[in-house]
Amino acid sequence: MSDLKPKLLLTLLFTVLLCGCSQHTLASREIVRAVCFGAENEVCLILEGKEENDYRSIQGQGDTMAQALDAAQRQLTGQAYYGLMDVAVLPATVDFRQARELGELLYEKAQPAPESAVFSADWNGDTAAELYDCLRRMKEPHCGLERLFEQEDCCFIPLWQQESFGYLLLQQGHTERVIQPEAASLIAVLCGQSSHVDMTFANNTAHITADARFSVEPTAQQTLVTVTLRDVKLSALTPVMEERTAQQRLADSLQQAFSRYAVLPADPFRLDFFASCRFGAQQKAASPRLSITFE
Amino acid sequence: MTRDNTPRLFAALLVSLLANVLLRTQTGYWIRAGLAVAPVTAALLALLGWVFARCWRAWPNPLFRGLFALLLVYSSSLELLRLWQLSARLYPDTVTLAGVCFTVLLPVIYLRRVSAIGQTANVLLCALVLAGAALLLSLAPRLHLTNLQMPVLTGDILSEAVSAQLILYPEYLLPALWPEQDKRGRHTLARLAALAIGFDVAMHGVLELFFGTAMPGRADPVHAAARCGALSVFNRLEWVQLLLWTMAVSLKLALYLYALHRLCKRPGPTENTAVGLERFPLYFALLLALCLVLHTADIAALLAVRNTAVWFFAALVVIGGGFACLTSNRSSC
């Protein structure tokens with residue numbers, strides 16, 4: 001045993017020497033809370049300040065987004081730390097290919113990329129920190145970074161529009177910008193990014209908050225999508241609007257949005273999946289129909 | 001009352017196999033295909049383990065013992081390298097190879113007793129179950145049923161799933177080395193294979209629900225999913241996972257070391273259930289040297305070589321043992 005101790009100690013010493021102790025302390029790192037990509041190869045990093053809810057921004061520009069991100073990182077005084085990043089903002093003009101490229105860039109460059117919500121928005125250097133403060137408070141709709149890659153040929157990204165949110169429906173070779181709150185809420189529910197509806201609709205004449213769920217029932221003749229709104233609080237914002245009328249107008253708007261987006265070839269609501277579950281692999285959903293229930 | 005010295009290592013073998021699933025660098029198949037072939041592959045692996053154990057006992061010879069020992073040393077260094085590369089990918093410039101070796105190998109000193117391996121494995125198994133439940137709970141809102149893929153199950157898709165599941169880890173062969181075989185349950189290998197393949201398929205299911213079509217291309221998928229989970233207690237669940245995975249690799253290495261100890265020991269009247277401390281400097285030095293030699297190589301290729309080598313070795317033992325059985329007509333066959 002007496003022989004053994006020096007050997008063990010030597011092994012320990014050798015390993016400790018190899019390990020080294022040259023790591024950066026957390027205090028010397030710059031904590032990145034958000035990465036905002038702009039339309040013209042510009043990137044803005046929102047960094048945590050010294051006090052709570054105090055953020056500052058640093059911008060970088062380059063020939064590509066990766067270069068712009070590098071340029072922004074180079075301006076930091078410490079090492080960039082992405083472990084607490086919770087928001088990524090894509091340009092409002094983003095298309096499907098660029099959204100995926102930026103998603104990959106975040107996965108690769110901004111390691112460790114933790115749970116991050118993705119939005120698209122128009123921003124500039126002065127408003128970026130303020131934009132981040134608004135976006136981080138939004139619990140829903142939540143579009144995680146992984147959702148950009150879930151489907152082969154399309155994805156939905158919430159579009160920040162100051163007072164409400166819309167959606168960017170990105171497909172290969174085609175981008176739809178959804179700005180009506182009714183359509184945006186329907187998309188958020190049907191693509192699983194939200195289970196709550198809170199919006200002003202019908203040209204700002206009515207407001208609704210409700211919990212939303214949906215179910216899909218495919219048959220050979222049609223695919224019935226039922227959206228159930230529970231705990232509905234519907235209020236008319238003008239005296240001329242009655243609650244029943246508001247409800248009808250909401251239902252009409254949702255029907256209109258559904259008939260437009262459910263039939264797109266990219267199958268954004270994955271209705272073919274439900275048809276495949278019922279009738280076997282590779283089956284297409286027949287004639288999608290929407291039914292809305294208020295409870 | 002006599003003390004039962006039979007080592008109970010089922011939990012250790014299971015944890016060791018589960019760690020392979022958790023440390024996967026990429027997924028191997030869609031869940032539908034995996035489910036379809038899982039009963040066959042689990043049965044095949046269990047059967048092979050059982051036949052191997054029979055043949056191993058039928059024809060004990062130094063060449064096989066040497067080859068098995070080499071395979072275990074090689075596998076141990078691969079496990080260290082795999083964990084190091086995972087850490088280096090996730091946290092660039094923060095983890096060194098020596099640091100990983102140090103973290104993983106030091107607990108092996110404590111785990112040199114077989115009783116310690118068994119007890120730690122039980123604790124670790126419970127911790128893994130709890131962490132798995134926490135992972136599922138935290139990920140539940142992000143799992144989408146519509147992410148499940150519905151491919152037509154063609155021969156290609158099924159064979160891809162079969163080859164991904166039919167990885168012959170050394171753990172399936174290790175029970176052949178354990179003492180007092182007759183005291184073990186009859187279906188140990190069947191349970192082991194069923195639980196390991198079942199866990200693999202279940203994990204693929206969760207990942208498919210999370211990643212959708214992006215699943216096959218996503219690197220370190222379990223960790224990538226774990227880091228998105230956030231419970232009120234664990235804001236970053238990834239650390240819990242990483243800690244457990246490191247402990248699981250330590251346990252795996254301790255299990256391999258115990259097997260090496262049994263392969264190298266001289267036959268004696270008493271059963272020694274602990275690896276002598278005097279062997280550790282040589283063991284550490286050997287693994288560190290191997291890791292240094294292999295650290296620049298492609299780990300996926302090295303793992304593929306390991307899989308082929310284990311299959312080849314198992315086939316060699318089965319043929320040799322089978323031949324010995326036929327010629328000597330021993331009762332142990």
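Two residues are in contact when their C-beta atoms, placed from the backbone, lie within 7 Å. With that cut-off, take the contacts in chain A between residues at least 6 apart in sequence: 61% of them join residues at least 24 apart.

A word on provenance. This is a predicted model, in which local features need pLDDT of at least 70, side-chain atom pairs count only at pLDDT 80 or more, and totals for chains, interfaces and linings use all residues. Residues are numbered from 1 along each chain as its sequence is written, and chains are lettered from A and ligands numbered from 1 in the order in which they are written.

Chain A has 7 helices and 13 strands, taken as DSSP runs numbered from the N terminus (helices H or I, at least four residues; strands E, at least two).

Next, the domains. Where they meet, 7 residues of domain 1 of chain A are in contact with 5 residues of domain 2 of chain A. On the domain 1 side, strands S7 (154-161) and S8 (164-171) of chain A supply at least two residues each. S8(A) gives the most, with 3 residues.

Now burial. Of the 295 residues in chain A, 40% are buried, meaning 20 or more other C-beta atoms within 10 Å of their own.

Last, one residue in detail. Leaving aside neighbours within four places in sequence, A:Val89 is in contact with several residues, among them A:Ala34, A:Phe37, A:Phe119, A:Trp123 and A:Leu131.

Note on methods:
Buried ≥ 20, exposed ≤ 12 C-beta atoms within 10 Å, placed from the backbone.
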